[in-house]
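Visitor: I am new to this structure. Please show me how to read it.

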Amino acid sequence: MNPFLLFLISTLFGFVGSWQLGPVNSQVLRRAIAGKRQTAQLTALGGALPEIFYAALAALLVNELHAFAELKVWFRVVFIVLISSFGFYLLFKKAQAYELEKKSKWSRQSFLQGLIL
């Protein structure tokens, strides 16, 4: 497959996948609801930049995966175990009370938090 086409497809999937409420989206919504538009935008930007990196990495390395065809089954097993374990953890995790965040001392903190999330 053409690497540029793969990059566009993975970018589209990353965009559609970000519609669900995840850690970055939750943080952006919290800040936007609190009226902190700039910090919400910086958090969103910090969360979006890794998606571009992941999509480019997938486009560049997709042809290299054929060399590891025998590991395909192990990748599936590890993926299923990790995702299932995380799902059960979230299912049984006790809900925590949410407090409105205090003012950030510096605006780069929002960008870095989005990047890390």
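Predicted model: local features only at pLDDT ≥ 70, side-chain atom pairs only at ≥ 80, totals over all residues.

Visitor: How many helices and strands does the chain have?

Guide: Helices (H or I, at least four residues) and strands (E, at least two) are DSSP runs, numbered from the N terminus. Here there are five helices and zero strands.

Visitor: Which residues of H3 are buried?

Guide: Buried means under 20% relative accessible area, exposed over 50%, and partly exposed in between (1.4 Å probe, protein chains only). In H3 the buried residues include Gly-46, Gly-47 and Pro-50. Of the 117 residues of the chain, 15% count as buried.

Visitor: How many aromatic pairs does the structure hold?

Guide: Rings of Phe, Tyr and Trp (its six-membered ring) pair if their centres lie within 6.5 Å; planes under 30 degrees apart are stacked, over 60 edge-to-face, and the rest tilted. The structure holds three such pairs. Phe-53 and Tyr-54 form a tilted one, 5.9 Å centre to centre with 55 degrees between the planes. Phe-88 and Phe-92 form a stacked one, at 6.5 Å and 10 degrees.

Visitor: Where do Phe-88 and Phe-92 lie?

Guide: Both are in helix H4 (residues 72-92), four residues apart, about one turn of the helix. Phe-88 is exposed at 51% relative accessible area, and Phe-92 is exposed at 63%.

How values were computed. Residues numbered from 1 in each chain as written. Heavy atoms only, no water.
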